[in-house]
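Visitor: I am new to this structure, and I would like to learn how to read it. Could we take a few features in turn?

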Amino acid sequence: MNPTEPQAMQGIGTKSPALRARRRRALFSGIGIAVVLALVVGLGVQLLSTRQQSQDSEALASSRALAQASRHAVSTDPVRSAMLALAAYQTSPSQEARNQLMRAYLRNSRSSRALSGVGTIREFQASRDGNVVLATSYQGGAMLFVRGASGNVRNVPVPSANGVWYPMVSADGKRAGYLRDDGRPAWFSVRADTSQPVGQVHTLPDAPEPVTKPEDFGRSSMSLDGTMIVSRIRGSLVWWNLDSNTVGGSVPAPAGEAAGVWIGADNRTLLTELGELGWTGESDSQSLVTVDMATGATRTVVSRVDSLHLSGDRTAVAVCRTQPGQAVIRLLRIADGAQQGVPYLEKDKDFTTKICTTDAADTTGHRVVLGYDGTLRMVDLTQNKVISSVPAADGQYDQLASADGRLFALQATGPEITYTELRTGVALRDVNDQKLTHDGSKTIKILADGSGLQLRPSGADAYRVLAEAPRRKPYWSPSEEKDKLQLSDDGKLLADRDGWNVVTIREVSTLRQTAQITALEPPLRPKRLLPGPEAGKWAFSYFFDHDGYLVTVSGAHVQQWDLRTGRQRAHLNTNILHPAKAATHRPDTVIGPYPASNKIVAITLGDPVIRIVDVTTARTTDTVKTTNDALGVQFDPSGRYFALLRRGLVIELWRRNPLRREIGPLITQSDWSTTPWISDFLDRDGRYLLAANNTIRIYRLGERGYQDSYEFGDELNNGVLRGHFLVDTSHDGRTAIYGVPGDGNDRVRGGIISLDPQAWQRDLCSIIGYRQFTSDEQDSLPTRLQVQPICAVD
C-alpha cells in the first residue's frame with residue numbers, strides 16, 4: 001500500500017458523513033419545495049374552480065333575470081322580448097333560457113321582419129322598399145325605424161313637443177313627416193346609415209285657415225318624391241312645399257267624408273277618397289275623386305265601390321265591388337278611369353265571400369293582396385290568377401313593400417309591425433295528414449280533400465312541390481292514429497291507407513307507387529265510445545316490420561306482405577293465441593311491431609302477458625309479464641327496453657333484463673281530448689321521446705327524470721292563449737311539426753320547427769334586423785349584459 005493511501009482514505013472517510021448530510025438536506029429541501037408547489041398548484045386550481053363556479057352561478061342568475069324580463073316584455077315590446085331571450089341564452093344556455101328563446105322564435109317565425117318599441121301603434125307609413133318606417137302610437141309618440149345597408153335595424157325616437165298624427169314617408173325613404181296636433185306639418189331628412197338618422201325637424205307654417213280643435217284637420221300624406229305634404233284642413237285641401245318651407249296653395253275639398261288624401265304621381269293633382277260611413281264605422285260606399293291643384297276642378301275616377309286601394313306609384317287604383325254571391329276586383333287607371341287587366345272573380349270556394357277582402361296593391365297595382373281566413377293571397381290582375389298564398393295572421397295589411405325582388409305585406413298589430421313575405425307559390429292551407437321524412441328535411445302531406453299527396457321541403461321554401469301523386473278514389477281521409485302515414489325503418493318507403501282495407505306503398509323521394517296491398521276486410525266498428533287505443537282494436541291498422549315487410553291487421557287477422565310482389569307472405573289469426581277465450585268470445589288483441597325478423601308483439605287486453613310471436617309460424621317465441629291494464633307497447637331497436645302504454649293513457653319505461661319499470665308514469669294528455677301526442681325510442685341506448693302537453697321531453701333509461709326538455713309555452717290565437725300540440729317528429733327527434741288549436745271556426749295554425757338553438761338565434765336575429773341594445777336600454781336591463789352584441793350582422 002502507498003504510504004499516502006491511508007491518509008487519503010482517512011480524508012475520504014472524514015468527508016463522507018458531511019456529504020451525506022448535505023445530500024439529505026438537499027433532498028428534504030426539494031421535497032419541501034415540491035410539497036409547497038403542489039399546495040400552491042392545488043390551491044390555484046381550487047381557486048380557479050371556485051371562481052369558475054362563481055362565474056357560472058352569476059351567469060345563470062343573470063340569464064334567469066333576462067329570461068323573466070323577456071316574458072314580461074312580450075305584450076308591450078315583442079322585439080325587445082326577443083332581444084332579451086337572445087341575451088338570456090347567450091349569457092347561460094340553460095333549459096329555461098333555451099325555452100324562452102324557442103318561444104320567441106315561434107312567435108316571430110312567420111315574419112320576415114318585425115319592428116316594435118313605440119308602444120301601441122296607431123298608424124305607420126313605410127318607404128317603397130320597407131327600409132324606413134315612421135310609426136305613431138296611441139300614447140302620442142313617434143318612432144323612426146331604419147334598416148341600414150348592412151341589414152341592421154335601429155329605433156330612433158322622433159322628438160316632438162306636440163302630439164304626432166298621420167306619419168308620412170317618401171317613396172325613397174329619404175324624407176319623413178307628420179302632422180302635429182295643432183294642424184301644422186313637420187318633416188325631417190332621413191339618413192339611414194349615419195349616427196343620427198333623424199335630421200333636423202322642420203315645422204311648416206299654419207294653414208290659411210287656423211286649426212283650433214282636432215276636428216279641424218284630417219288625413220295627410222307626402223308626395224312620392226318627398227317635396228310636398230298635403231292635408232285636409234277644415235273645408236280645404238292645403239299643401240306645403242318642403243324645400244321652401246312655405247304653404248304651396250289650397251283648393252276647396254270635395255264634398256263628402258274624406259277617408260284619404262294623396263298627392264298624385266304628377267305632383268299637380270290631388271287624390272281624395274270619399275266614403276259614407278256604414279253601421280260598422282267603416283266606409284262602405286267609396287269614391288275616388290281627383291282635384292286639379294291649379295284650378296280646383298274635380299273629376300270622379302270611380303264611385304260607389306266597397307273598397308279601393310291606390311297603387312304604390314299612384315297611377316292606378318284597385319277597386320272591389322260586391323255583387324250577388326261574391327266580390328269582383330278591377331284595376332282602373334287614374335288618368336282616365338280605363339280598366340286595366342281582367343276583372344278577378346274568386347275561383348276557390350274556400351275563399352268565396354260576399355265581402356271585399358282586398359288589403360293593398362303593389363307599385364303598379366297589377367298585383368293585389370287579399371286577406372281572408374288566416375291566409376294572404378296575391379292576385380295578378382293581368383294574369384287573372386292567384387300567384388302567391390301564404391298563411392298569415394288575421395287583420396288589415398296596410399301596405400306592400402318591395403326589395404331585392406321580394407314582396408312583403410306590412411301589418412300593425414298592437415305594439416308590433418310585421419313583414420310577411422309573399423312568396424311565389426301556394427302554401428297548403430289545410431292538410432289531412434302530414435309526416436316528416438326521417439331526416440326532417442321534407443314533409444309528406446295528404447291534401448285536405450284526400451285527393452293527393454305532396455312532398456315539400458320542411459324549411460322556408462316549403463312553397464315548392466318536390467313531388468306529387470293522386471290518390472285512389474273514393475278519397476280516403478285518415479280518421480285516427482292507425483290511419484296515419486307510415487315510413488319504413490330505412491325511411492325509403494311510405495305506406496298510405498287509401499281505402500277500407502287498401503294500403504298503397506310509395507317511394508318517399510318520388511311518391512311513385514310501388515305496390516298496392518288489399519288485405520282482408522276488417523269487422524265493422526261497434527257503435528260505442530272507447531278510449532283511443534282501445535277503439536283501434538276494431539279498426540284496420542298497418543305498419544312496417546323489422547325486415548321492411550308490410551303487416552296489416554284486420555280484426556283478428558294479421559297478414560305479412562312482400563312489397564316487391566304485393567303478395568301475402570304469412571297469415572296469422574290471433575284467436576289461436578287464446579283458444580279458450582276464442583271459444584267463448586272474441587279476445588281483444590292489439591298488434592304491433594317487434595325488432596326482430598318476422599316477429600310481432602301481441603297484447604290481449606286484460607292479460608298481463610305480452611307475447612312475441614313469429615308471424616310465419618304463429619309460435620310464441622317469448623313473453624314479458626307486465627300489468628293487466630296494458631293498452632300498447634313499443635320496443636326499442638335493440639329489444640332491451642320497452643315503453644308500456646297503460647289505461648289512463650300513461651306511459652312507463654321498462655328495462656327487460658332484469659325486468660323492472662325505470663321511469664314513469666308519464667302523462668300523455670292533461671285531460672281527455674283528441675289532442676295528438678307522439679312517442680318513440682330514438683336509438684338503441686334507451687333514449688325515448690315523448691311529445692305531449694305542450695312539451696317535448698327526452699328520457700334515458702337508467703337516469704332519473706328527463707334528459708332534455710323543450711317547453712313550447714302558450715301562443716295568443718285570436719285573443720286566447722292556447723298551448724301547442726305536436727303532430728310528428730323526425731326519426732332523430734330534432735325536427736317537429738306543431739300546431740296551435742283554433743276556437744270554433746278558427747283554423748289550426750302551426751308549422752315545422754328544427755330543435756336547434758343556433759338556427760333560432762340566426763333566424764331571430766335576421767327577423768329583428770340585428771337590433772342591439774342602446775346604452776340607455778342597457779341601463780334599464782335587470783342585469784349587466786355579458787354578451788354584446790347579441791346579434792352579429794353576417
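Guide: Gladly, and let's begin with the cysteines. Counting bonded cysteines along the protein chain, the disulfides follow the pattern 1-2, 3-4; a disulfide is a pair of cysteine sulfur atoms within 2.5 Å. Please note that this is a predicted model, where local features need pLDDT of at least 70 and side-chain atom pairs count only at pLDDT 80 or more, while totals for chains, interfaces and linings use all residues. Residues are numbered from 1 along each chain as its sequence is written, and side-chain values use heavy atoms, with hydrogens and water left out.

Visitor: How many disulfides does the structure hold?

Guide: There are 2. One links Cys 320 with Cys 356, at 2.0 Å from S to S. Its torsion about the S-S bond is about -90°, so this disulfide is left-handed. The other links Cys 765 with Cys 791, at 1.9 Å from S to S. Because Cys 765 lies in helix H6 and Cys 791 in the segment after helix H7 (775-779), this pair ties together parts that are 26 residues apart in sequence. Helices (H or I, at least four residues) and strands (E, at least two) are DSSP runs, numbered from the N terminus.

Visitor: Are Cys 765 and Cys 791 buried or exposed?

Guide: Both are buried. Buried means under 20% relative accessible area, exposed over 50%, and partly exposed in between, using a 1.4 Å probe and protein chains only.

Visitor: Which elements do the buried residues of H6 pack against?

Guide: They pack against helices H2 (78-91) and H3 (95-108), and against strands E1 (113-116), E53 (706-711) and E58 (749-754). Contact here means heavy atoms within 4.5 Å. Among the buried residues of H6 are Trp 760 and Leu 764. After H6 comes Gly 769, with a positive phi near 70°.

Visitor: How should I read the two faces of a strand?

Guide: In a regular strand the side chains alternate between the two faces of the sheet. In E32, Gly 452, Gln 454 and Arg 456 are buried on one side, and Leu 453, Leu 455 and Pro 457 on the other. With 6 of its 6 residues buried, strand E32 (residues 452-457) is therefore largely enclosed by the rest of the structure.

Visitor: Which strands are joined to E32 by bridges?

Guide: Strand E31 (residues 442-447) runs antiparallel to E32, with 5 bridges between them. Strand E33 (residues 467-470) is also antiparallel to E32, joined by 4 bridges. Two strands pair if DSSP finds at least two bridges between them. Leu 453, for example, has Ala 469 of E33 as its bridge partner.
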